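This report describes selected features of a protein model.

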Amino acid sequence: MRVQILGGFLGAGKTSVARSLAAELRKAGDRVAIITNDQGQSIVDTELCRDDAEHIFEIGGGCFCCRYPELESALLAARTAGATVAIAEAVGSCTDLVATVLEPLGSRCGTAFVIEPLAVVVDPWRVTATATASLGGDIDFLFQKQIEEADVVLLSRADLQPPDITSHIRRWNLTAPILSVSGRSGAGIMAWWSAHSEHRSSLFSIDYDRYAKAESLLGWCNARVRLSSPAGLDPRDTVARFLQNMASEPVAHVKVTGIHPAGNYGGAITRRDGDVELHGTVTDRAPELRWLVNARVALSPEDLERSVRQAVIGVAGVASVFWEELDCFSPARPEPTYRYATRCKSDDNASCCAAFYQREDVRRLLGDSYHPGGTDLTMRMMRAAHLGPNLAVLDVACGTGESLRAIANEWDIRGIGIDSAPCVSSDSRIETKPGDAHRLPCDGESVDVVLCECALSTFADQRLALREMYRVLRPGGFLAVSDMVVGSGVPDSLREWVHSGTCLERAMSSAAYRQMMCDAGFVIADEWDASDGLTELLNRIKRNLIGWITASASQTVSAPLPFDVREARTTLKEAAKAVADGSIRYGAFIGRKPA
């Protein structure tokens with residue numbers, strides 16, 4: 001299932017773009033799911049999209065990054081229900097979506113979903129209007145950050161002859177494709193969808209204190225209100241006057257949808273003193289109007305509630321007003337479930353962990369060996385796998401090829417290394433190939449031993465990867481796996497570090513590894529605890545960290561430290577404690593394919 005995440009500021013036109021894309025895709029035969037998102041619980045967009053997709057999901061009470069498990073569950077449910085495309089529209093005050101949404105989805109559900117480039121919808125008038133600055137400098141910072149992280153920038157409302165803002169966009173994003181689209185007319189929608197842009201932005205740094213402050217400056221109001229008059233009320237006129245009453249405020253976005261026997265109707269304004277946009281064709285007067293109102297305005301919740309009440313009273317006249325819901329608040333500080341520090345830029349990557357280990361600071365701290373136990377553990381596993389001369393060894397996620405070189409120096413073998421990151425071997429006995437653990441570029445029953453060190457836990461679909469290893473092994477061949485082992489879970493003190501791309505994020509218990517290997521067809525031949533190698537690795541990192549700090553202080557190295565030293569020391573201390581008390585361990589598992 002293809003998954004398109006839409007970002008962009010409040011009032012940018014994301015919902016119109018989502019609805020237009022859904023309509024075009026359904027014409028082409030796709031089954032579409034739309035997922036709406038809001039800081040509150042009553043979402044206008046959900047009502048607007050009811051007829052636009054086969055499946056509608058609503059995630060309220062926080063942004064996608066903070067409600068990530070619900071987003072993942074909704075996407076999996078959509079896929080199970082038969083959707084071929086899912087369009088997920090993020091909260092308009094949200095940014096940092098690549099690190100907190102796209103990368104976790106790609107890492108955790110990579111074989112279930114094809115994650116499309118992040119499309120950020122931008123209202124051209126918002127860029128140029130002085131109303132943007134009047135919302136506050138921190139809100140302007142948030143708006144610019146959304147554009148900065150875009151893989152593709154979609155300039156909305158192309159049918160209204162918007163101003164040319166390319167130079168402004170390039171101030172914040174130098175490389176992303178810039179495309180013009182119209183949610184109302186559909187112009188440019190399929191051209192964007194069919195473009196298959198290869199551009200991927202780099203993960204950026206963002207000050208979460210300033211991000212939280214920007215969100216807190218916006219008041220949010222979700223309301224359900226009923227207007228009743230025996231003389232009847234004009235739906236479109238009443239909505240238009242309500243929005244005109246709100247237009248004098250520092251508006252980010254105010255939108256209304258109404259339910260009428262003849263159909264839905266509504267309208268929106270997207271900036272202070274902006275034009276009122278009406279939708280729907282309902283014109284018949286009705287004795288009762290029922291509205292769902294979402295208002296995002298740079299006011300305190302108290303002032304926003306007062307403004308919304310006065311705007312409704314101002315159009316009610318002799319009509320009675322009944323508030324069924326009136327919830328005004330400021331968003332809480334964003335606390336993402338996951339936040340990845342690296343980005344995979346190829347669908348062929350088996351794991352985002354590969355990018356993590358290519359980082360200069362990581363390589364400097366780990367030294368020559370990237371996995372606990374080093375080549376000593378590798379050799380022990382090869383002996384347990386009954387390795388002998390003239391056999392073929394496949395190393396899945398081989399990294400720099402260090403393990404294969406060590407094995408080839410001990411036994412006269414034919415080595416094959418597979419990794420998502422290109423690796424070139426100068427040893428004629430070792431062949432390296434780029435590849436994905438889920439689709440190994442090897443013939444069936446073509447190797448005698450498969451080695452996978454500290455990598456299985458990072459694969460998006462571990463069971464599929466094991467089935468691939470079973471496929472390429474000859475009958476009677478052995479699988480040697482070493483990996484991080486956790487019991488009841490990773491300690492809270494290490495969770496932020498775990499979600500930065502390390503192999504601990506999806507590590508399992510020993511029993512879970514054994515069961516998964518058995519489910520793939522292997523018979524467990526041996527198993528042991530190798531946590532002494534983990535202790536040695538932590539001590540090595542500590543020594544290298546001290547050396548780097550000393551060299552940096554004496555200015556014998558020019559590269560600045562890319563991390564907080566105190567935070568690094570604390571993390572190492574907590575990790576050592578977790579290893580000592582058994583919360584985190586390292587295990588080796590030998591499986592055999594029945595002859």
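## The six-stranded sheet

Two strands count as paired if DSSP finds at least two bridges between them. In this predicted model, six strands form an open sheet in the order β12-β11-β10-β13-β9-β14, with antiparallel pairing. Strands β12 (277–279) and β14 (320–329) lie at the edges, each pairing on one side only. From one strand to the next, the twist averages 15 degrees.

Within this sheet, strand β10 (residues 251–260) runs antiparallel to strand β11 (residues 263–269), and seven bridges join the two. Val-254 has Ile-269 in β11 as its bridge partner.

Asp-448 belongs to strand β18 (residues 447–453). Its relative accessible area is 16%, so Asp-448 is classed as buried, the cut-off being under 20%.

The side chain of Asp-448 makes a polar contact with the side chain of Arg-474, at 2.9 Å. Apart from neighbours within four places in sequence, the residues in contact with Asp-448 are Leu-391, Ala-392, Leu-473, Arg-474, Gly-477 and Phe-478.

## The buried side of helix α19

In helix α19 (residues 510–519), the residues Ser-510, Tyr-513, Met-516 and Met-517 are buried. These residues lie on the same side of α19 because they cover an arc of only 135 degrees around the axis. In an α-helix, residues three or four places apart point the same way, because there are 3.6 residues a turn.

The buried residues of α19 pack against α17 (462–472), β19 (473–486), β20 (523–529) and β21 (584–592). Just after α19, Gly-521 adopts a positive phi of about 115 degrees.

Methods:
Residues numbered from 1 in each chain as written. Predicted model: local features only at pLDDT ≥ 70, side-chain atom pairs only at ≥ 80, totals over all residues. Heavy atoms only, no water. Helix = DSSP H or I, 4+ residues; strand = E, 2+ residues; numbered from the N terminus. Axes fitted to C-alpha atoms, helices over the stretch in contact; angles between N-to-C directions. Buried < 20%, exposed > 50% of the residue type's maximum accessible area, 1.4 Å probe, protein only. Polar contact = N/O pair within 3.5 Å; in protein donor to acceptor, adjacent residues only side chain to side chain. Contact = heavy atoms within 4.5 Å. Arc of directions from axis to C-beta.
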